[in-house]
Amino acid sequence: MIDSFKGQTLSWELQGSTLEVALHHPPCNEIGSVTLDELDRLSRLVESADLPARALIIYSSLASGFSAGADLRELFTRIQALDRAERARGVRTFIERIHEVFDRLDACPLVTIAAVHGVVFGGGFELALTCDMIVADRTARFCFPELRLGLIPGFGGIPRLKRDIGNSLIRDILLTGRSVNSSKAAAVGLVSQLVAPGEALRVARTVANQVGKVDAPATRAAKTFIKPVPREELHREIEIFCDLFNRPEVEAALRKFVESTDVQPYLP
């Protein structure tokens, strides 16, 4: 349905002229096959210009944060049953589908807002980067930890981050794996508004209401002009990710992650 949906990992509801999407997959909205299916459904819905909505808000209803990124445990379990060639094909299929979904969210005619708090890591950071604006509360931390696993971000994060901020910070985030707090993110323009803890969704709703007061066709034209989808670089990212993933070092790093007894092994 257009006005509401209740899934296993996310739900949405049309509130006036705003489609609000809640992520609710514990422990921290890891993105696996079910989440991808439901994001796919959302992306196909919002790519239509005929929607009775002007804005889209994506937020997490979990206290742990916005999203810890890819579901590495599911990914590791799946590849164990495959030979090398099947594994390579399976990973490429998954990554290409992620890109299709995220590209649709990136280019959709609605004004999209990520309301984030807590952990905004890896694929969760990449999901936030598909949005036109990020409203972050002061608990938010942004990180690309993929190089710790022998990979690069694979959900479109590098080209989208390059589109939005300067290369010096990108190199710092990517090459060190360090997290960036919300104040730093706001200072470099990654975050459009920095708010008190627990206030991100409320402020995002205020922004969405303001969007509804301006001309819809002009908004869509402006978004297309100021936020082009970097398709060539996104394609290169897929190739690099898939080449890196096929190395035995990556499987060993995934195994170490999966077998870790730490509560949050993805934290730097």
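Visitor: How many bridges join strand 7 to strand 9?
Guide: Keeping in mind that this is a predicted model, 3 bridges join strand 7, residues 119–121, to strand 9, residues 141–143, and these two strands run parallel.

Visitor: And which residue in strand 9 is the bridge partner of Val 119?
Guide: The partner of Val 119 is Arg 141, which lies in strand 9.

Visitor: OK, what order do the strands of the open sheet have?
Guide: The open sheet has 4 strands in the order 5-7-9-10, and their pairing is mixed. At the edges are strand 5 (65–67) and strand 10 (180–181), each of which pairs on one side only.

Visitor: Which strands does helix 4 touch when it packs on the sheet?
Guide: Helix 4 touches strand 5, strand 7 and strand 9, and its direction makes about 90° with that of strand 7.

Visitor: Switching to helices, at what angle do helix 4 and helix 5 pack?
Guide: Helix 4 (residues 122–129) and helix 5 (residues 157–164) pack at about 45°, with their axes 9 Å apart, and the two helices are therefore oblique to each other.

Visitor: Is that crossing left-handed or right-handed?
Guide: The crossing of helix 4 and helix 5 is left-handed.

Visitor: So which residues make the contact?
Guide: Helix 4 contributes Phe 125, Glu 126 and Leu 129, while helix 5 contributes Gly 157, Arg 160, Leu 161, Arg 163 and Asp 164.

Visitor: How do those residues divide into nonpolar, polar and charged?
Guide: In the contact of helix 4 with helix 5, 3 residues are nonpolar, 1 is polar and 4 are charged.

How values were computed: Residues are numbered from 1 along each chain as its sequence is written. This is a predicted model: local features need pLDDT of at least 70, side-chain atom pairs count only at pLDDT 80 or more; totals for chains, interfaces and linings use all residues. Side-chain values use heavy atoms; hydrogens and water are left out. Axes are lines fitted to C-alpha atoms, for helices over the stretch in contact, and angles run from 0 to 180 degrees between N-to-C directions. Angles under 35 degrees count as roughly parallel, over 145 as roughly antiparallel, 65 to 115 as roughly perpendicular and the rest as oblique. A crossing is left-handed if the near helix is turned anticlockwise from the far one by less than a right angle, and right-handed if clockwise. Contact means heavy atoms within 4.5 Å. Ala, Val, Leu, Ile, Met, Phe, Trp, Tyr, Cys and Pro count as nonpolar, Asp, Glu, Lys and Arg as charged, and the others, Gly among them, as polar. Two strands pair if DSSP finds at least two bridges between them.
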